[in-house]
Amino acid sequence: MRSEPSRRIQPEDVCEAEWAEWYRLTPAQRWQESQKLWATYLALGGSLDSEPDTQSPFFDAREWRAGLAHGRSGLRVLRRGGV
Amino acid sequence: MGGQACVFYGAAEFSRDTDFAILAETENLARLQNALDELQAIRIAVPPFEQDFLRRGHAVHFRCAHPEAAGLRVDVMSVMRGVDDFPLLWERRTTVESEGESYDLLSLPDLVRAKKTQRDKDWPMIRRLIEAHYFEFSEQASATHVEFWLRELRTPLLLTEIVALHPIRAQALRSERRVLDALLGHADDHMLENALREEEQQEREADRIYWQPLKSELEGLRRQTPRRDVNAR
(Lines give C-alpha, C1' and ligand atoms only; values in the text may rest on other atoms or scores of the structure.)
Protein backbone atom coordinates (compact mmCIF):
# COMPACT_ATOMS: atom_id res chain seq x y z
CA MET A 1 0.00 0.00 0.00
CA ARG A 2 1.18 3.53 -0.73
CA SER A 3 1.97 6.01 2.04
CA GLU A 4 -0.51 8.66 3.22
CA PRO A 5 -0.44 11.69 0.92
CA SER A 6 1.15 14.86 2.34
CA ARG A 7 -1.05 17.19 0.26
CA ARG A 8 -4.64 16.56 -0.77
CA ILE A 9 -5.24 16.18 -4.48
CA GLN A 10 -6.92 19.15 -6.14
CA PRO A 11 -9.22 19.11 -9.18
CA GLU A 12 -6.42 20.60 -11.34
CA ASP A 13 -4.31 17.53 -10.55
CA VAL A 14 -6.72 15.23 -12.36
CA CYS A 15 -8.38 17.37 -15.01
CA GLU A 16 -8.11 20.50 -17.11
CA ALA A 17 -8.76 23.95 -15.65
CA GLU A 18 -12.21 24.26 -17.23
CA TRP A 19 -13.32 21.02 -15.63
CA ALA A 20 -11.82 22.03 -12.29
CA GLU A 21 -13.86 25.22 -12.45
CA TRP A 22 -17.00 23.23 -13.26
CA TYR A 23 -16.37 20.91 -10.30
CA ARG A 24 -16.09 23.89 -7.97
CA LEU A 25 -19.59 25.09 -8.83
CA THR A 26 -22.41 23.95 -6.58
CA PRO A 27 -24.96 21.56 -8.12
CA ALA A 28 -27.45 24.48 -8.29
CA GLN A 29 -24.90 26.65 -10.12
CA ARG A 30 -24.17 23.86 -12.59
CA TRP A 31 -27.90 23.47 -13.20
CA GLN A 32 -28.21 27.21 -13.88
CA GLU A 33 -25.23 27.22 -16.23
CA SER A 34 -26.73 24.32 -18.11
CA GLN A 35 -30.03 26.20 -18.47
CA LYS A 36 -28.15 29.19 -19.93
CA LEU A 37 -26.40 26.90 -22.38
CA TRP A 38 -29.76 25.44 -23.39
CA ALA A 39 -31.26 28.89 -23.89
CA THR A 40 -28.33 29.87 -26.12
CA TYR A 41 -28.51 26.64 -28.08
CA LEU A 42 -32.23 27.08 -28.73
CA ALA A 43 -31.82 30.77 -29.56
CA LEU A 44 -29.28 29.78 -32.21
CA GLY A 45 -31.85 27.46 -33.75
CA GLY A 46 -30.56 24.22 -32.28
CA SER A 47 -32.85 21.24 -32.67
CA LEU A 48 -34.23 19.19 -29.79
CA ASP A 49 -34.02 16.11 -31.98
CA SER A 50 -31.12 14.09 -30.58
CA GLU A 51 -28.21 12.56 -32.45
CA PRO A 52 -28.39 8.84 -33.22
CA ASP A 53 -26.78 6.79 -30.50
CA THR A 54 -25.45 3.86 -32.50
CA GLN A 55 -23.96 2.12 -29.46
CA SER A 56 -27.26 2.03 -27.64
CA PRO A 57 -28.91 -1.39 -27.53
CA PHE A 58 -32.13 0.42 -28.49
CA PHE A 59 -30.65 1.87 -31.68
CA ASP A 60 -32.85 1.26 -34.71
CA ALA A 61 -31.52 2.65 -37.97
CA ARG A 62 -35.03 2.73 -39.48
CA GLU A 63 -36.31 4.92 -36.70
CA TRP A 64 -33.48 7.43 -37.04
CA ARG A 65 -33.89 7.75 -40.78
CA ALA A 66 -37.57 8.48 -40.23
CA GLY A 67 -36.76 10.98 -37.50
CA LEU A 68 -34.60 13.16 -39.70
CA ALA A 69 -37.64 14.28 -41.64
CA HIS A 70 -39.25 15.70 -38.52
CA GLY A 71 -38.58 18.66 -36.30
CA ARG A 72 -36.51 21.74 -36.87
CA SER A 73 -33.25 21.83 -38.68
CA GLY A 74 -30.22 21.29 -36.48
CA LEU A 75 -27.32 23.65 -35.94
CA ARG A 76 -25.30 23.95 -39.11
CA VAL A 77 -21.63 24.79 -39.31
CA LEU A 78 -21.32 27.72 -41.73
CA ARG A 79 -17.61 28.29 -41.38
CA ARG A 80 -14.90 26.34 -39.69
CA GLY A 81 -11.33 27.50 -39.42
CA GLY A 82 -8.16 25.60 -38.58
CA VAL A 83 -8.25 21.85 -38.72
CA MET B 1 -32.05 10.06 -15.09
CA GLY B 2 -29.82 11.25 -17.94
CA GLY B 3 -28.20 14.49 -19.00
CA GLN B 4 -29.62 16.90 -16.44
CA ALA B 5 -28.83 14.54 -13.57
CA CYS B 6 -25.25 14.36 -14.84
CA VAL B 7 -25.06 18.15 -14.94
CA PHE B 8 -26.42 18.43 -11.42
CA TYR B 9 -23.93 15.93 -10.01
CA GLY B 10 -20.91 17.46 -11.73
CA ALA B 11 -20.34 15.83 -15.08
CA ALA B 12 -21.53 17.67 -18.17
CA GLU B 13 -23.66 16.19 -20.86
CA PHE B 14 -25.45 18.13 -23.53
CA SER B 15 -28.09 15.50 -23.93
CA ARG B 16 -31.10 16.37 -26.00
CA ASP B 17 -33.23 13.46 -24.99
CA THR B 18 -35.03 13.09 -21.70
CA ASP B 19 -34.83 9.80 -19.88
CA PHE B 20 -37.37 8.78 -17.28
CA ALA B 21 -37.10 5.90 -14.81
CA ILE B 22 -40.66 5.07 -13.84
CA LEU B 23 -42.70 2.66 -11.76
CA ALA B 24 -44.35 0.35 -14.28
CA GLU B 25 -47.80 0.10 -12.71
CA THR B 26 -51.10 0.55 -14.51
CA GLU B 27 -52.17 3.76 -12.79
CA ASN B 28 -48.75 5.33 -13.16
CA LEU B 29 -48.52 4.44 -16.85
CA ALA B 30 -51.92 6.03 -17.41
CA ARG B 31 -50.69 9.24 -15.76
CA LEU B 32 -47.56 9.20 -17.89
CA GLN B 33 -49.64 8.62 -21.02
CA ASN B 34 -51.66 11.75 -20.18
CA ALA B 35 -48.45 13.76 -19.85
CA LEU B 36 -47.18 12.34 -23.14
CA ASP B 37 -50.47 13.27 -24.79
CA GLU B 38 -50.01 16.86 -23.60
CA LEU B 39 -46.60 16.85 -25.26
CA GLN B 40 -48.18 15.34 -28.39
CA ALA B 41 -45.65 12.54 -28.06
CA ILE B 42 -45.66 9.74 -30.59
CA ARG B 43 -44.01 6.42 -30.00
CA ILE B 44 -41.26 6.11 -32.59
CA ALA B 45 -39.99 2.58 -32.16
CA VAL B 46 -40.80 -0.83 -30.80
CA PRO B 47 -41.66 -2.03 -28.18
CA PRO B 48 -45.16 -0.78 -27.41
CA PHE B 49 -45.76 1.26 -24.28
CA GLU B 50 -46.88 -1.64 -22.13
CA GLN B 51 -46.19 -2.67 -18.57
CA ASP B 52 -44.87 -6.09 -19.54
CA PHE B 53 -42.14 -4.73 -21.81
CA LEU B 54 -41.05 -2.15 -19.27
CA ARG B 55 -40.91 -4.72 -16.49
CA ARG B 56 -38.67 -6.95 -18.59
CA GLY B 57 -36.09 -4.19 -19.06
CA HIS B 58 -37.11 -2.64 -22.37
CA ALA B 59 -37.16 1.09 -22.99
CA VAL B 60 -40.05 2.81 -24.79
CA HIS B 61 -39.19 5.71 -27.09
CA PHE B 62 -41.26 8.77 -27.95
CA ARG B 63 -40.77 11.97 -29.90
CA CYS B 64 -42.74 15.09 -28.98
CA ALA B 65 -44.62 17.18 -31.50
CA HIS B 66 -45.82 19.99 -29.21
CA PRO B 67 -44.46 23.28 -30.61
CA GLU B 68 -42.58 24.01 -27.36
CA ALA B 69 -40.88 20.61 -27.38
CA ALA B 70 -40.84 19.76 -31.07
CA GLY B 71 -38.52 16.87 -31.83
CA LEU B 72 -37.66 16.17 -28.18
CA ARG B 73 -36.99 12.50 -27.53
CA VAL B 74 -38.43 10.95 -24.41
CA ASP B 75 -37.19 7.53 -23.33
CA VAL B 76 -38.95 5.63 -20.58
CA MET B 77 -37.48 2.73 -18.61
CA SER B 78 -38.45 0.89 -15.48
CA VAL B 79 -35.74 -1.74 -15.05
CA MET B 80 -32.00 -1.20 -15.60
CA ARG B 81 -29.19 -3.73 -15.41
CA GLY B 82 -27.48 -3.78 -12.04
CA VAL B 83 -29.80 -1.11 -10.64
CA ASP B 84 -32.22 -1.66 -7.75
CA ASP B 85 -35.97 -1.83 -8.17
CA PHE B 86 -37.89 1.39 -8.56
CA PRO B 87 -39.17 1.73 -4.95
CA LEU B 88 -35.57 1.84 -3.68
CA LEU B 89 -34.55 4.30 -6.39
CA TRP B 90 -37.47 6.50 -5.39
CA GLU B 91 -36.53 6.31 -1.71
CA ARG B 92 -32.97 7.43 -2.51
CA ARG B 93 -33.84 10.06 -5.09
CA THR B 94 -32.57 13.65 -5.13
CA THR B 95 -35.23 16.31 -5.56
CA VAL B 96 -34.30 19.68 -6.98
CA GLU B 97 -36.38 22.77 -7.53
CA SER B 98 -35.91 25.20 -10.37
CA GLU B 99 -38.17 28.09 -11.33
CA GLY B 100 -41.05 26.73 -9.31
CA GLU B 101 -40.85 23.21 -10.72
CA SER B 102 -39.44 20.24 -8.86
CA TYR B 103 -37.48 17.43 -10.48
CA ASP B 104 -36.66 14.01 -9.06
CA LEU B 105 -33.27 12.67 -10.05
CA LEU B 106 -31.68 9.29 -9.50
CA SER B 107 -29.30 9.37 -6.55
CA LEU B 108 -25.66 9.58 -7.60
CA PRO B 109 -24.82 5.95 -6.74
CA ASP B 110 -27.87 4.79 -8.72
CA LEU B 111 -26.98 7.03 -11.66
CA VAL B 112 -23.45 5.64 -11.68
CA ARG B 113 -24.80 2.08 -11.69
CA ALA B 114 -27.22 2.92 -14.51
CA LYS B 115 -24.36 4.37 -16.56
CA LYS B 116 -22.31 1.15 -16.52
CA THR B 117 -23.29 0.23 -20.04
CA GLN B 118 -21.63 -0.92 -23.23
CA ARG B 119 -21.51 2.64 -24.61
CA ASP B 120 -18.16 4.45 -24.81
CA LYS B 121 -19.65 7.77 -23.76
CA ASP B 122 -20.87 6.56 -20.37
CA TRP B 123 -17.46 5.72 -18.95
CA PRO B 124 -15.81 9.15 -18.97
CA MET B 125 -19.13 10.39 -17.58
CA ILE B 126 -18.94 8.00 -14.62
CA ARG B 127 -15.40 9.14 -13.90
CA ARG B 128 -16.44 12.81 -13.96
CA LEU B 129 -19.48 12.22 -11.75
CA ILE B 130 -17.43 10.59 -9.02
CA GLU B 131 -14.57 13.09 -9.28
CA ALA B 132 -17.02 15.96 -8.78
CA HIS B 133 -18.55 14.22 -5.78
CA TYR B 134 -15.12 13.51 -4.32
CA PHE B 135 -14.02 17.14 -4.54
CA GLU B 136 -17.32 18.35 -3.15
CA PHE B 137 -17.18 16.17 -0.04
CA SER B 138 -13.57 15.12 0.50
CA GLU B 139 -13.01 17.65 3.29
CA GLN B 140 -16.00 16.39 5.30
CA ALA B 141 -16.28 12.81 4.14
CA SER B 142 -18.69 10.47 5.91
CA ALA B 143 -18.17 6.70 6.11
CA THR B 144 -20.82 6.35 3.38
CA HIS B 145 -18.89 8.73 1.11
CA VAL B 146 -15.64 6.83 1.66
CA GLU B 147 -17.26 3.51 0.87
CA PHE B 148 -18.86 4.93 -2.28
CA TRP B 149 -15.50 6.29 -3.49
CA LEU B 150 -13.66 3.07 -2.69
CA ARG B 151 -16.23 1.13 -4.67
CA GLU B 152 -16.66 3.50 -7.60
CA LEU B 153 -13.79 5.95 -8.16
CA ARG B 154 -12.17 5.52 -11.56
CA THR B 155 -9.40 8.13 -11.27
CA PRO B 156 -6.05 6.50 -10.35
CA LEU B 157 -4.71 9.48 -8.40
CA LEU B 158 -7.87 9.81 -6.31
CA LEU B 159 -8.08 6.08 -5.72
CA THR B 160 -4.51 6.13 -4.47
CA GLU B 161 -5.35 8.98 -2.14
CA ILE B 162 -8.51 7.49 -0.70
CA VAL B 163 -6.86 4.12 -0.10
CA ALA B 164 -3.95 5.83 1.66
CA LEU B 165 -6.34 7.85 3.82
CA HIS B 166 -8.63 4.93 4.67
CA PRO B 167 -6.51 1.77 4.55
CA ILE B 168 -8.67 -0.26 6.96
CA ARG B 169 -11.87 0.42 5.06
CA ALA B 170 -10.08 -0.30 1.77
CA GLN B 171 -8.79 -3.57 3.17
CA ALA B 172 -12.34 -4.56 4.15
CA LEU B 173 -13.52 -4.04 0.57
CA ARG B 174 -10.43 -5.53 -1.05
CA SER B 175 -12.05 -8.82 -2.01
CA GLU B 176 -14.95 -7.00 -3.68
CA ARG B 177 -12.94 -4.87 -6.09
CA ARG B 178 -9.84 -5.95 -7.97
CA VAL B 179 -8.73 -2.35 -8.32
CA LEU B 180 -8.45 -2.09 -4.52
CA ASP B 181 -6.61 -5.38 -4.40
CA ALA B 182 -4.12 -4.01 -6.92
CA LEU B 183 -3.62 -0.81 -4.94
CA LEU B 184 -3.22 -2.55 -1.62
CA GLY B 185 -0.83 -4.98 -3.26
CA HIS B 186 1.56 -2.17 -4.29
CA ALA B 187 0.48 -2.11 -7.93
CA ASP B 188 2.25 0.47 -10.07
CA ASP B 189 0.31 3.02 -12.13
CA HIS B 190 0.31 0.78 -15.18
CA MET B 191 -1.16 -2.14 -13.23
CA LEU B 192 -3.78 0.12 -11.68
CA GLU B 193 -4.81 1.45 -15.11
CA ASN B 194 -5.05 -2.13 -16.35
CA ALA B 195 -7.24 -3.16 -13.41
CA LEU B 196 -9.57 -0.23 -14.10
CA ARG B 197 -9.72 -1.05 -17.81
CA GLU B 198 -10.47 -4.67 -17.05
CA GLU B 199 -13.26 -3.66 -14.67
CA GLU B 200 -14.80 -1.50 -17.40
CA GLN B 201 -14.53 -4.27 -19.98
CA GLN B 202 -16.26 -6.72 -17.65
CA GLU B 203 -19.17 -4.34 -17.12
CA ARG B 204 -19.47 -3.61 -20.82
CA GLU B 205 -19.50 -7.31 -21.61
CA ALA B 206 -22.07 -7.98 -18.89
CA ASP B 207 -24.24 -5.24 -20.44
CA ARG B 208 -23.92 -6.77 -23.91
CA ILE B 209 -24.91 -10.20 -22.56
CA TYR B 210 -27.84 -8.68 -20.63
CA TRP B 211 -29.13 -7.02 -23.78
CA GLN B 212 -28.74 -9.97 -26.18
CA PRO B 213 -32.19 -11.55 -25.57
CA LEU B 214 -33.84 -8.13 -25.37
CA LYS B 215 -32.25 -7.06 -28.66
CA SER B 216 -33.42 -10.30 -30.31
CA GLU B 217 -36.91 -9.59 -29.07
CA LEU B 218 -36.74 -6.05 -30.47
CA GLU B 219 -35.58 -7.39 -33.84
CA GLY B 220 -38.55 -9.77 -33.89
CA LEU B 221 -40.93 -6.95 -33.03
CA ARG B 222 -39.45 -4.75 -35.77
CA ARG B 223 -40.01 -7.50 -38.34
CA GLN B 224 -43.60 -7.99 -37.20
CA THR B 225 -44.47 -4.30 -37.01
CA PRO B 226 -44.97 -2.25 -40.16
CA ARG B 227 -43.55 1.28 -39.85
CA ARG B 228 -47.00 2.86 -39.99
CA ASP B 229 -47.99 0.94 -36.85
CA VAL B 230 -44.99 2.02 -34.83
CA ASN B 231 -46.02 5.65 -34.73
CA ALA B 232 -48.87 4.99 -32.39
CA ARG B 233 -49.41 4.69 -28.70
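In this predicted model, helix α6(B) is mostly covered, since 12 of its 16 residues are buried. A residue counts as buried here if 20 or more other C-beta atoms lie within 10 Å of its own. Among the buried residues of α6(B) are B:Met125, B:Ile126, B:Leu129, B:Ile130 and B:Phe135. The list also includes B:Asp122, B:Arg127, B:Arg128 and B:Glu131. The cover over these residues includes α1 and α2 of chain A, as well as α1 (3-9), α5 (108-114), α7 (143-152) and α8 (156-165) of chain B.

Helix α6 of chain B runs over residues 122-137, and at 1.5 Å a residue its 16 residues should span 22 Å. The end C-alpha atoms are 23 Å apart, which agrees with that expectation.

Of the 83 residues in chain A, buried residues make up 8%.

The two chains meet at an interface, where 32 residues of chain A are in contact with 44 residues of chain B. On the chain A side, the elements that give two or more residues are α1 (11-14), α2 (17-24), α3 (27-43) and α4 (61-67). The most come from α3(A), with 4 residues. By class, this side of chain A has 13 nonpolar, 9 polar and 10 charged residues.

Chain B also contains strands. An open sheet is formed by 4 strands of chain B in the order β1-β4-β3-β2, and the pairing is mixed. Strands β1 (17-21) and β2 (42-43) of chain B each have a single partner strand, so they stand at the edges and one side of each is left without a neighbour in the sheet. Strand β1(B) runs parallel to β4 (residues 73-77) of chain B, and 5 bridges join the two. One of the residues involved is B:Asp17, whose bridge partner in β4(B) is B:Arg73.

A further pairing in chain B is antiparallel: 5 bridges join β5 (residues 94-98) to β6 (residues 101-105). Here B:Thr94 has B:Leu105 of β6(B) as its bridge partner. The hairpin of β5(B) and β6(B) has 2 residues between the strands, and in this hairpin B:Glu99 takes a positive phi near 50 degrees.

Terms used. Residues are numbered from 1 along each chain as its sequence is written. Chains are lettered from A and ligands numbered from 1 in the order in which they are written. This is a predicted model: local features need pLDDT of at least 70, side-chain atom pairs count only at pLDDT 80 or more; totals for chains, interfaces and linings use all residues. Two residues are in contact if their C-beta atoms, placed from the backbone, lie within 7 Å. Ala, Val, Leu, Ile, Met, Phe, Trp, Tyr, Cys and Pro count as nonpolar, Asp, Glu, Lys and Arg as charged, and the others, Gly among them, as polar. Two strands pair if DSSP finds at least two bridges between them. The expected span of a helix is 1.5 Å times one less than its number of residues.
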